Amino acid sequence: MPNKVGQANQTPIALNQPFARHSRQEYQWVPPLEPRTPFQRIKHAASSLGTRIVDVLRPNSPRASDRVGGLKAADKEMVKLLAHVLDGATDVPTLAGTIQQFSASAHHVFHADKDENVTLAGLMDTRAKVHIEHMSLQDLQTLATRLDKAIEASATSDSKDSLQVLGALTGIHRQVVREQASRAVLDACKAVLRAAPQGTKAVTEQFDQALRAAGRALITLGMPQDGSEAAKSRPHALVKEILNDLLERGSLPRESMRALFKALPSATQSKLLASDKNKKPMFNDTGSVDALLKDTIAQQWRDLKQAVADHCEAVGTTNPSADLPRFSDHVTRLARQWPALQEHTAQHKLPGDRPLEDQVSQAFAQLTRLQPEQLQAQLGRLTPEQLVDFSTALESLGISNGCLGLLTAAIGKGEGESLATPGNYLLEACNHLSLGQTPTALDWLAHTIDATPAALKTHAAFGNSQWKKGAEGYTAFQDHLIKSALDRLDEKELKRLHTSLSAPRFAELASLLQQIGFTLEDMPDPKGDRIRKMGMALETLITELDRRVKSTSTEPTDDQPLDEATFEALSKLTGVRVFPSGEMGVVYDAPKAAFQRNLDAMLAKPAPGFTPVGQKGSSGVSEAMYVDLKRSNYVIEYPNDYSEPLFGNTEAFRIDQLRTNAELSADELLLLSQVAHQGLWAGVIAPQTSPQDSPIRLPDGTPVNLVGQPKTTFTVRRGPEGRLFVRCEQELSPVLALDPATGNTTALDMVKSGAWFGVELEIGKGQVQVSKPLTCSYALVPAAA
């Protein structure tokens, strides 16, 4: 039975050999129960992790129990010291008392003849390091800030103990800086691993973060930054030592470390290896990391040589006239890996390989003899990415025959074709704008926005990396698309379009579209992004026309406002009533809880597959959906943004369409049918029959309930990774306003009034979840007297 000290949970001491063999199985340190303090986290760390020490103990030590007891007592004093500093203590006597208690408790750790390899300062640093490593980020930042104040106070104190306190706190400060640098380097290394698929530039940017963190730590510790070669190499040395520490602690597993080294450029690998010549500024030996880095470099060298040889052989044996995709792929890889091998060999001073160099020369000679006629028939088989990569590879290898010109022409043609579809839609919108047909123009502008992402993706594949930069890239591409479309108009057409869009109402419309888009995005509503981008496109179109066409017209300005038809078109596009004032139907949240309760109740008692009268087998859907198949609108949406409603005279025919075209399994179809019917909306309609607490109110503030004819739509689509979604929408229009207090009804404008509800559900693995939250809006416009 192990000896115990204290009264709390038992935690074994983890001592290094050789002393551990005397004590590991015999002693357990159990910290005593104490009232919790603001620094209980540190005390907990002391009990669970503070028992690790550096191998500073000799086998010919005093009795194991004395040394273990001394270490544990000293450890508690270190916890107190850290707690004092965290609490903001700066008075030297308090800090000195704790440091002296640490020294007294650690008496039995040292040999009577004074072990040369063990010092009090070294032991304090070791124990502080253990606790600091396991501090939360918040505690670590607080400790760093308050250590500076405590060090400043001890440096200016005239106490006889100030020098001892200053030395101890400086050692702790060193460990804090070390730990802050370690965490920053670890985060940067993880970012390197994530960035590895993006290429050398992305990797270098992330690893530079690690080097900058190391540089900041060195500056904080007062390391010389004189511009010498030694100073320049110190951040690399410190990063390597941190990596060694992370490897030994298990914070970065061995295979992850290998992947990190493999992702780094050869020049960076070389700097890491050479950095030790200026000695280590802070930490322990880096032998483990050095061995792993050298092994990774050697393996990379072997892999690169094999890859280059394989690609040379493939270039020599593949007929480009028969299999251009395979041929171009090997040429592209050869163009990347041969320079990488040369760089790797030079950076690490590795021996050359004459037979491989001859093999590469033969492959290059074959490429110089390549003729455009060998590629022409197969060009259509190359993707945009392959076209660009093949062209770039030939250019980088110095192959300037007619094949390069052929590829350049194919890339230009592909870029033009990628703009054709959205460009044609935009020109249709421009044509209708010129004719004053704004509602139709809005439809074509919406088609333009819908077709733009695919065009952007294709255009980006042709090597236009700027288009890939998120929202910024989209805006740049949209500008490019609009300019390209306007380039197709002659001077007369440009002037006519400019004259039409010079009317103030179109600038107002562009602003209104963006305003509505932002409002819908805040709901959130997926239509918001589309509407906002329509406004952006219209605004850019007006600006670009102003730049191209200098108006000399003396005609009076067309200051007519947007007409009723335009607002009807906006209401149709947004799903929310839009009024000439620019205001939208009121959005409210009240029914959400009732909707969720109704949904939970529907799923709690799932309905079985309904068997219609006269049929032997189940229809595969619930009875509620079966009876709704003809009175609600069911739509299937495909990945290319094309959608089509279910049709046919029988429910069985529509069910078969849904099952086949949406690729539904029997379980998915039955689960979908539990929710995709008009009963889903009972939760939002029910609250409207309750009295004065109704959220729906007339312009004068009177609470009312809405009574109307529902129009329900369920749109089924497949998302990423085959996930199944159904977008559920209901419109109540026309509606009557019922005053629940009096029973009186208020006549409403049947065109401008209504209520709209929308939600998206994900169907999968026996459960239904809300993927896009419920949105509710209404518009109540009293009828004209």
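Helix axes here are lines fitted to C-alpha atoms over the stretch in contact, and angles run from 0 to 180 degrees between N-to-C directions. The structure is a predicted model. The protein has 785 residues, of which 46% count as buried, and its secondary structure comprises 29 helices and 11 strands. Of the contacts between residues at least 6 apart in sequence, 69% join residues at least 24 apart.

**Helix pair α7 and α9**

- Helix α7 (residues 162-195) and helix α9 (residues 229-249) have axes that come within 10 Å and cross at roughly 85°.
- Angles of 65 to 115 degrees count as roughly perpendicular, so α7 is roughly perpendicular to α9.
- On the α7 side, the contact is made by Arg178, Glu179, Ala181, Ser182, Val185, Leu186 and Cys189.
- On the α9 side, the contributing residues are Val239, Ile242, Leu243, Asp245, Leu246 and Arg249.
- Sorted by class, this contact of α7 with α9 has 8 nonpolar, 1 polar and 4 charged residues.

**Nonpolar cores**

- The largest nonpolar core has 46 residues, and the members that touch the most others are Leu658, Leu680, Trp681 and Leu761.
- Strand β8 (residues 724-738) supplies the largest share of this core, with 6 residues.
- Leaving aside neighbours within four places in sequence, Leu761 is in contact with Leu599, Val675, Leu680, Leu724, Phe725, Val726, Cys728, Val768, Gln769, Val770 and Ser771.

- Glu762 is located in strand β10 (residues 754-764).
- The relative accessible area of Glu762 is 18%, and the cut-off for buried is under 20%, so Glu762 counts as buried.
- The side chains of Glu762 and Arg723 are joined by a polar contact of 2.9 Å.
- Beyond four places in sequence, the contacts of Glu762 are with Arg723, Leu724, Phe725, Gln767, Val768, Gln769 and Ser771.
- Lys765 sits in the loop between β10 and β11 (767-779).
- With a relative accessible area of 88%, Lys765 is exposed.
- The phi angle of Lys765 is near 50°, which is a positive value in a residue other than glycine.

- Lys349 is placed in the loop between α13 (324-347) and α14.
- Lys349 has a phi near 55°, a positive value in a residue other than glycine.
- The relative accessibility of Lys349 is 73%, so Lys349 counts as exposed.
- Ser361 belongs to helix α14 (residues 354-368).
- Ser361 is partly exposed, at 45% relative accessible area.
- Ser361 and Cys312 are 49 residues apart along the chain, and their C-alpha atoms are separated by 9.1 Å.

- Asp450 is part of helix α19 (residues 438-461).
- The relative accessibility of Asp450 is 30%, so Asp450 counts as partly exposed.
- A polar contact of 2.8 Å links the side chain of Asp450 to that of Arg530.
- Between the C-alpha atoms of Asp450 and Tyr425, which are 25 residues apart along the chain, the separation is 10.0 Å.
- Gln478 is found in helix α20 (residues 470-486).
- Gln478 is buried, with 2% relative accessible area.
- Not counting residues up to four places away in sequence, Gln478 touches Ile449, Lys533, Met536 and Ala537.

**Helix α10**

- Ala263 lies in helix α10, which covers residues 254-263.
- The C-alpha atoms of Ala263 and Ala196 are 5.8 Å apart in space, while the two residues are 67 apart in sequence.
- With neighbours within four places in sequence left aside, Ala263 is in contact with Val192, Ala196 and Val203.

Definitions and conventions: Residues numbered from 1 in each chain as written. Predicted model: local features only at pLDDT ≥ 70, side-chain atom pairs only at ≥ 80, totals over all residues. Heavy atoms only, no water. Core = buried A, V, L, I, M, F, W, Y, C linked by side-chain atoms within 4.5 Å. Buried < 20%, exposed > 50% of the residue type's maximum accessible area, 1.4 Å probe, protein only. Helix = DSSP H or I, 4+ residues; strand = E, 2+ residues; numbered from the N terminus. Contact = heavy atoms within 4.5 Å. Polar contact = N/O pair within 3.5 Å; in protein donor to acceptor, adjacent residues only side chain to side chain. Parallel < 35°, antiparallel > 145°, perpendicular 65-115°, else oblique. Nonpolar A, V, L, I, M, F, W, Y, C, P; charged D, E, K, R; others polar.
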